[in-house]
Amino acid sequence: MCRSHIPQPVVSLVLLDIYEARALQRKRFLCQFKLFSMATHYFQCLGCGECCIGLFGQHGKIWLGLFLLPWERKLFPSEYIHPRYGEGRKPSHRKFRILAYQMSANVCPHLADNKCQIYENRPLICRSYPWIPNGTVDTDCSFWKDRVDSYGQWVTIADSYVDELSAREKIRKDMDVRKPNQMWEYDVATKSWGKAEASRLSGL
Ligand code: SF4
Ligand code: SF4
């Protein structure tokens, strides 16, 4: 239909709709901007030590401890060290490679007076905390507990996590996974290997 044939009241209604839609969009944007500004909290560790306890626990069907890269094993007493991830056709295969280990103490043996006694040399997984690879933070971290309650999703500001993100990136690179479909994980409770859960691998 030719534009000139559209009755004037219809044109006015359409224009009004467009105007209102834009006003609504502006309002939504301002609202989001306000929430975003309110939530710009740059992460600062409180040194409470809460993330250094409760390290060993059940995840799905298996029991896991603190994730360690191979050279980080020497930071902990050997009785706490177990394999974590391996790669190969099966664990008994001669080419099976252990890519990562885990530390099974529930309270970190390096925690004293709520302070890390090996802070300068702590493992990468500790350096990356409380950043979680899915793009948010661990809300169990004392710094974020109250803030997340107030601001929900808007608390995650990647810029404030430069060190944590680079530690995560280093873990991902140093794990050196070559065959993701041949990954195994070790259950500390049963002392046995099983096929790695894809969801846990994607969290590395
Ligand atoms: S729980 Fe959070 S605030 Fe407390 S020591 Fe760990 S990283 Fe720092
Ligand atoms: S190594 Fe340090 S930062 Fe890591 S869990 Fe132990 S006490 Fe905490």
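This is a predicted model: local features need pLDDT of at least 70, side-chain atom pairs count only at pLDDT 80 or more; totals for chains, interfaces and linings use all residues.
Mentor: Two strands are taken to pair when DSSP finds at least two bridges between them.

Trainee: Which residue of β5 stands opposite Glu87?

Mentor: Arg97 in β5 stands opposite Glu87. The setting is the pairing of β4, residues 81-87, with β5: the two run antiparallel and are joined by six bridges.

Trainee: In which sense do β3 and β5 pair, and over how many bridges?

Mentor: Their pairing is antiparallel, with three bridges between β3 and β5. Met103 in β5 is the residue opposite Leu66.

Trainee: Is β5 largely enclosed or left open by the rest of the structure?

Mentor: Burial is judged here by counting neighbours: a residue is buried if 20 or more other C-beta atoms lie within 10 Å of its own. Five of the seven residues of β5 are buried, so the strand is largely enclosed by the rest of the structure. For the chain as a whole, 20% of its 204 residues are buried.

Trainee: How should I read a nonpolar core, and which residues have the most contacts inside the largest one?

Mentor: The general idea is that nonpolar side chains tend to be buried together in soluble globular proteins. In this model the largest nonpolar core has 21 residues, and those with the most contacts inside it are Leu66, Phe67, Leu68, Tyr85, Ala100, Met103 and Ile125. Two or more residues each come from β3 (66-68), β5 (97-103), α2 (124-128), α4 (162-175) and β10 (183-187). The largest share, four residues, belongs to β5.

Trainee: Which residues does Ile125 touch, leaving aside its neighbours within four places in sequence?

Mentor: Ile125 is in contact with Leu66, Phe67 and Ile171.

Trainee: Where does Ile53 lie, and is it buried, partly exposed or exposed?

Mentor: Ile53 is in the loop between α1 (8-38) and β1 (57-59). It counts as partly exposed because it has 13 C-beta neighbours inside 10 Å. Beyond its neighbours within four places in sequence, Ile53 is in contact with Asn106 and Val107.

Trainee: Which residues are around ligand 1, and which are around ligand 2?

Mentor: Around ligand 1 are Cys45, Leu46, Gly47, Cys48, Gly49, Glu50, Cys51, Tyr129, Pro130, Cys141, Ser142 and Phe143. By class, that shell divides into eight nonpolar, three polar and one charged. Around ligand 2 are Cys52, Cys108, His110, Leu111, Cys116, Ile118, Arg122, Pro123 and Cys126. This second shell has seven nonpolar, one polar and one charged residues.

Trainee: What is the phi of Asn114, and what is that of Lys191?

Mentor: Asn114 has a positive phi near 60°, and Lys191 has a positive phi near 55°. Asn114 is placed in the loop between β6 and β7 (115-116); with 12 C-beta neighbours inside 10 Å, it counts as exposed. Lys191 is in the turn of the hairpin formed by β10 and β11, which has four residues between its strands. With 9 C-beta neighbours inside 10 Å, Lys191 counts as exposed. The two strands pair antiparallel over four bridges, and Trp184 has Lys195 in β11 as its bridge partner.

Trainee: Where in the chain is confidence lowest, and where is it highest?

Mentor: Confidence is lowest in α1, with a mean of 42, and highest in strand β6 (residues 111-112), at 98. Over residues 1-39 the pLDDT is below 50, and this stretch has nine contacts in the model beyond near neighbours in sequence. The chain has a mean pLDDT of 79, with 69% of its residues reaching 70 or more.

How values were computed
Residues are numbered from 1 along each chain as its sequence is written. Chains are lettered from A and ligands numbered from 1 in the order in which they are written. A nonpolar core is a set of buried Ala, Val, Leu, Ile, Met, Phe, Trp, Tyr and Cys residues joined through C-beta atoms within 7 Å. Two residues are in contact if their C-beta atoms, placed from the backbone, lie within 7 Å. A residue is near a molecule or strand if its C-beta atom, placed from the backbone, lies within 6 Å of it. Ala, Val, Leu, Ile, Met, Phe, Trp, Tyr, Cys and Pro count as nonpolar, Asp, Glu, Lys and Arg as charged, and the others, Gly among them, as polar. pLDDT is the predictor's confidence in each residue, from 0 to 100.
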